[in-house]
Amino acid sequence: QVQLVESGGGSVQAGGSLTLSCVASGYGYTDASKCMGWFRQAPGKEREGIAASYYGSHLPYYADSVKGRFTISQDKTKKTLTLQMNDLNPEDTGMYYCAAGGFGATVMWVVKPKSYKYWGQGIQVTGSS
């Protein structure tokens, strides 16, 4: 089992930045790390995949809503997945979840929550105007 713990959330003014970190532990990390992603869930909305690092591509995936502002990176030696978020706005508000052990053959799968085996507990991010 792989455990994931997110940190770094909070509240920022519009235009501000935050860095989310997800630290993994437990048995099975090597396989689980081959497809990892960040999801967010706004109040009253479904959980959506916003960024992923996956074995189906050398390039990470970004949702259009965060492209150019968010950067996903992975340090496998430290078992850490990071999401650098710049130019935050109120539409970025929500619970952010780290996920691992996904089926990462194509983008179609990496954006689906059901593709992932392991999840963090989530962390709140609020962008205020």
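Select Cys-35 to begin: this cysteine is buried, with a relative accessible area of 1%, where buried means under 20% relative accessible area, exposed means over 50% and partly exposed lies in between (1.4 Å probe, protein chains only). Before going further, keep in mind that the model is predicted, that local features need pLDDT of at least 70 and side-chain atom pairs count only at pLDDT 80 or more, while totals for chains, interfaces and linings use all residues. Residues are numbered from 1 along each chain as its sequence is written, and side-chain values use heavy atoms, with hydrogens and water left out.

**The cysteines**

Next, select Cys-22 and Cys-98, which a disulfide joins with an S to S distance of 2.1 Å; a disulfide here is a pair of cysteine sulfur atoms within 2.5 Å. The count by this rule comes to one disulfide, and the link of Cys-22 and Cys-98 is left-handed, with -75° about the S-S bond. Helices (H or I, at least four residues) and strands (E, at least two) are DSSP runs, numbered from the N terminus. Both partners can then be checked for cover: Cys-22 is buried at a relative accessible area of 1%, and Cys-98 is buried at 0%. Returning to Cys-35, this residue is in no disulfide, and the nearest cysteine sulfur, that of Cys-98, is 11 Å away.

**The nonpolar core**

Now select Leu-4, Trp-38, Leu-83, Met-85 and Tyr-96, which touch the most other members among the 37 residues of the largest nonpolar core. Such a core is a set of buried Ala, Val, Leu, Ile, Met, Phe, Trp, Tyr and Cys residues joined through side-chain atoms within 4.5 Å. Strand E9 gives this core its largest share, five residues.

**Ser-115 and its surroundings**

Move on to Ser-115, in the loop between helix H2 (107–110) and strand E10 (118–119). With a relative accessibility of 10%, Ser-115 counts as buried, and its side chain reaches the backbone oxygen of Trp-109 at 2.7 Å. If neighbours within four places in sequence are left aside, Ser-115 is in contact (heavy atoms within 4.5 Å) with Gly-101, Gly-102, Phe-103 and Trp-109.

What does helix H2 hold that can be selected next? Met-108 lies in this helix and is partly exposed, with a relative accessible area of 48%. A distance drawn between the C-alpha atoms of Met-108 and Tyr-55, which are 53 residues apart along the chain, reads 13 Å.

**The whole chain**

Buried residues make up 42% of the 129 residues. Of the contacts between residues at least 6 apart in sequence, 60% join residues at least 24 apart.

Technical notes: A polar contact is a pair of N or O atoms within 3.5 Å; within protein, one must be able to donate a hydrogen and the other to accept it, and residues adjacent in sequence count only if both atoms are side-chain atoms.
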